[in-house]
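Have the viewer open and follow along.

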Amino acid sequence: MEQIKAYLDKIATISQEDWNFFTSKLQRDIIPKKTIFLKINEIENRISFIESGVVRLFIPKENPEKEITFGFSFQNQFISAYDSFLRQKPSLYQLQTLTETSLLSITYADLQEVYQKTQIGNLIGRLTAERLFLIKSKREQNLLNLSAEERYMNLFKERPELIKVIPLKYISSYIGVTAQALSRIRKRV
């Protein structure tokens, strides 16, 4: 709970009453490594804060080698299939832990109650929406403006620990190249 409090305290002052109400709605889950915890066509019912671990967002394919990884979330970040969560419609992608992951989660219904009764709920909703928008926007711009090598270098400049925890096949999918092309890039850098 201290991590999410520290994260939110950087952005706004939260009354003790709001904080107590909000935390009464949070549930901690420890999810094992390589677990898909939201499957395609399921409705996302929670927003989660990652206390520890790494989560991948991906579009599954019949052939697992053709899966499309389009995002990663890390410690001290929010994670959700947010479009499914907002619309309460089936998700078009999946969420999978890449490491053992500890999450603090709030359900859709509980968040609606937090929105109605506190100021913190609106803050969390806005922060989650802004974060997901910025990630999506940055990824789109990188795919349009940077070479595969530049995308690879930026990924590891921002998160050098990734090389140890994320399989290269997910990294190649994320930067939009084949595994062979990633191998050539890695030899050059």
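Two strands count as paired if DSSP finds at least two bridges between them, and both helices (H or I, at least four residues) and strands (E, at least two) are DSSP runs numbered from the N terminus. What you see is a predicted model, where local features need pLDDT of at least 70, side-chain atom pairs count only at pLDDT 80 or more, and totals for chains, interfaces and linings use all residues. Residues are numbered from 1 along each chain as its sequence is written, and side-chain values use heavy atoms, leaving out hydrogens and water.

Start with the open sheet in the order β1-β8-β3-β6, made of four strands with antiparallel pairing. Its edge strands are β1 (27–31) and β6 (78–79), each pairing on one side only. Five bridges join β1 to the antiparallel strand β8 (residues 101–107); in β8, Leu 103 is the bridge partner of Asp 29.

Helix α1 (residues 2–9) lies across β3 (46–52), β6 and β8, at about 105° to β3. Helix α4 (residues 108–117) lies across β3 and β8, at about 60° to β8. Contact here means heavy atoms within 4.5 Å, while axes are lines fitted to C-alpha atoms, for helices over the stretch in contact, with angles from 0 to 180 degrees between N-to-C directions.

Now turn to the open sheet with the order β2-β7-β4-β5, which has four strands and antiparallel pairing. Here β2 (36–38) and β5 (68–74) stand at the edges with a single partner strand each, so one side of each has no neighbour in the sheet.
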